[in-house]
Amino acid sequence: MAKKTTTKKTGSPRKKRQGTRTPSRTSWRSILFKAGFTLTAIVIAYAAYLDAVVTRQFEGKKWAIPAKVFARPLELYSGKRITPADLQSQLKRQGYQAVQQVSRPGTFARAGNRFVIYSRGFHFPDGAEPSRYASVQLQNNEVVQLRSNGGTTLPLLRLDPQPIGGIYPASYEDRLLIRSTQTPRYLIPSLLAIEDRDYYDHFGLSPTSIARAMVANVRAGGVVQGGSTITQQLVKNFFLTNDRTLVRKAKEAIMALLLELHYSKEEILETYLNEVYLGQHGRRAIHGFGLASQFYFAQPIQELNLARTALLVAIVKGPSYFDPRRYSERALERRNLVLDVMAERGIVPQAEVDRSKKLPLGVVSRELVSTNDFPAYIDLVKEQLRKDYDEKDLTSEGLRIFTNLDPIIQREAQKSVSATVKSLGKGNQLQGAMVISSAQTGDLLAVVGDKNAGYAGFNRAVEARRPVGSLLKPAIYLTALERPEQYTLTTMVNDTSVKINDGKGGYWEPKNYSRESHGQVPLYLALAKSYNQAAANTGMAVGLSSVQDTLKRLGVEQRVPPYPSVLLGALSMTPIEVATMYQTIASGGFRMPIRAIDAVVDSQGRPLSRYSISVERAFNPGPMELLRTALGVVMSEGTGRRIYQYIEPDIALGGKTGTTNDLRDSWFAGYSGDLVAVSWIGHDDNSPTKLTGSSGALKIWGNFLANVPVQPVAPLQANNLTSLWVNPAANGRSHQYCEGAMELPYITGSEPKAYAGCGKDSDDSLFDRIKAWF
């Protein structure tokens, strides 16, 4: 029987499923490892990038520091002319605190006309000025005594200069850099108590601070602590935006850790003190405690008391929400909460906190700390600086610009322009401008470019080029007086009708304002009364080219066309150009540029530029004194005589009014012994104002003089001058007691030889001598 064979079934083979594969445990690990590695690499690379950002920004120049512009310092010395009211006002504007007992810098006390001032130290371009204690006695608006604490006489007390503006970057961020060692005693302890209690114990992040802040806020019933560390706040302000996203918060955390890794706590804290945002002034953003102290209290931060220090710390939480000028009650409550925390933490004794809580906020008005009150002056400063410095340097290098602006003079000039234009009642379109300089140095003391104070637009003092009318007449008569063999102050000139070829194919026939001719008149009187026909005849007699040369020597830089009409002011100039011309007259014949800037120093106080006085003698003192005598008669008897409605008649002044065709422009240019002033009134559209120089612009000068102590004009000293009593109507010698007699100067050899009026010296009778005595 055949044997049956069997085979073992091994089962049918499985078909592989196409397109699928079940990864092994090893494969998953590989994927996770690769993903983790990639993510780690990305995080490391991103951290390295952030690290580079942090170190580059932190180790480089942290901020674009605007150039700071300062006024000239107030200097007190024996003989200084200043009213007690002006001195007190200026001290307050510079943040000096009125106290009963003066014991520290930045304070003063007043008792009538006596001041006790403790000045602040300041680093000027010519060196450091220490703090000084001084007693100042005023009498009749003049400093008569200046003594130190020990009673010895002080030659000079120079106050720190008032900040008047800045040249800002596009961001308009502004700050005043300070070191942590310059802060008040309680600023840093109170800041850390409120913002970051564990600052010296964490590495940039503090979870416990977040939890503690929540508890503290619940207990206080308000927000008294924040959860973010100071390092995180600095990172957010310094590097990031205010977006409230997880990505931004993660970025902030990483950068805070990196910042703490690279830099010390002291470096980070000091940077925070200068970076934190603390307010807004127009477009200008107030950053840092140094500038905030000036902005809110007009005081250097070193001088702040406990209450004011606490207010700055309180504002950190929300400068807009706790703005002490807008929301004083809210700010007061927040300040007191800060003070309570300081007491709770043992930073300050409870009794001192209780005293501080009773104090007012102490915030000064915005007007008192405004640095935008002088835009017309700052325009000139910028124009001059840009000739010597790049824009980037001006907006980022922290330069300090020391100018010649006198804050007291500037305020009075602006008040005078504003009040005068308003009082004339010619409608809202009437405008005004004024320029004031030092008669002896050419320092530019004030610039008013608009009737509205603080207006930063069209600067009429610098940009409004208008015909100047009779302001050019002094150049005609100065040209004549430089020829003493032909002309003296009493030489007769022709005020008669004249017809002159105008050089353009026609004729020029000037007329007097009154439409009347006066025949033969003394030269000084022709100028004093501003007779047009006399000026035209005299100008043509001495020659147009000679008058052109005189104008150039007076400081007129533009080309003067050779047309006869120029003799009566058919030349357009700006107020500051006119001031340059009259500066030469006021200084006694010395041509000097009008200087807005005195010096520029870098952020460390090292001198960069000095804008020294440049003086060149342009005229001999003899002819110049004759002209100045005639310009004095303009003010006492001529078109400028209205000035003595504002001041005492014994104050000698010089000046000239100017009126253009159809009464479109009203001008005045004049000087005292110490000041040169040019004022203008007109319409921007050149329409008539119905004002003469006397009825318009002269009033600006008068209102100004009524509020500022001035010195009278003193005669020039010249060896070739002789003073005589004369009868000007007859151009002959006379006597002091004769009716109509005047004492006038003559260049020796040109004086009248003949006698007129009361008879000859050699035949004076006893009766005449007795009459003279009386």
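## Strand 14 and its partners

Strand 12 (residues 173-175) and strand 14 run parallel and are joined by 3 bridges. Strands here are DSSP runs of E with at least two residues, helices are runs of H or I with at least four residues, and both are numbered from the N terminus. Two strands pair if DSSP finds at least two bridges between them. Within this pairing, Asp174 has Ile286 of strand 14 as its bridge partner. This is a predicted model, in which local features need pLDDT of at least 70 and side-chain atom pairs count only at pLDDT 80 or more, while totals for chains, interfaces and linings use all residues. Residues are numbered from 1 along each chain as its sequence is written, and side-chain values use heavy atoms, with hydrogens and water left out.

Strand 13 (residues 277-281) is also joined to strand 14, by 4 bridges, and these two run antiparallel. His281 has Arg284 of strand 14 as its bridge partner. Strand 13 and strand 14 form a hairpin with 2 residues between the strands, where Gly282 has a positive phi near 65°. In strand 14 (residues 284-287), Arg284 and Ile286 point one way, Ala285 and His287 point the other way, and all are buried. Buried means under 20% relative accessible area, exposed means over 50%, and partly exposed lies in between (1.4 Å probe, protein chains only).

## The chain as a whole

The chain has 24 helices and 33 strands. Of its 774 residues, 53% are buried. Its accessible surface comes to about 37000 Å², and carbon and sulfur atoms account for 50% of that. Accessible areas come from the Shrake-Rupley method with a 1.4 Å probe; for residues, only the protein chains shown count as cover.

Among contacts in the chain with a separation of 6 or more, 69% are between residues 24 or more positions apart. A contact means heavy atoms within 4.5 Å.

## Aromatic pairs

Rings of Phe, Tyr and Trp (its six-membered ring) pair if their centres lie within 6.5 Å; planes under 30 degrees apart count as stacked, over 60 as edge-to-face and the rest as tilted. By this rule there are 12 aromatic pairs. Phe70 and Phe402 are stacked, because their ring centres are 5.3 Å apart and their planes are at 20°. Phe70 is in strand 1 (residues 67-70) and Phe402 in strand 15 (residues 400-403), so this pair ties together parts that are 332 residues apart in sequence. Both Phe70 and Phe402 are buried. Phe668 and Trp701 also form a stacked pair, because their ring centres are 6.2 Å apart and their planes are at 25°. This pair links distant parts of the chain, with Phe668 in strand 29 (residues 665-671) and Trp701 in helix 23 (residues 697-705), 33 residues apart. Phe668 is buried at a relative accessible area of 0%, and Trp701 is buried at 0% relative accessibility.

Ring pairs also link Phe70, Phe122, Phe124 and Phe402 into a cluster. Phe124 has Arg158 over its face, at 3.9 Å from the ring centre. Likewise, Arg330 lies over the face of Tyr327, at 4.3 Å from the ring centre. A charge sits over a ring if NZ of Lys or CZ of Arg is within 6 Å of the ring centre and within 35 degrees of the ring normal.

Helix 21 is largely enclosed by the rest of the structure, because 11 of its 12 residues are buried. Among them are Pro575, Met581 and Tyr582. After helix 21 comes Gly588, with a positive phi near 90°.

Helix 19 (residues 532-542) is mostly covered, with 9 of its 11 residues buried. The buried residues include Asn532, Gln533 and Val542. The cover over the buried residues includes helix 17 (473-481), strand 19 (492-495) and helix 20 (544-554). Just after helix 19, Gly543 has a positive phi of about 100°.

## A buried lysine

Lys80 is in the loop between strand 2 (75-76) and helix 2 (84-93). Lys80 has a relative accessible area of 18%, so it counts as buried. Leaving aside neighbours within four places in sequence, Lys80 is in contact with Leu74, Glu75, Asn141, Glu142 and Val143. The C-alpha atoms of Lys80 and Glu142 are separated by 5.5 Å, although these residues are 62 residues apart along the chain.
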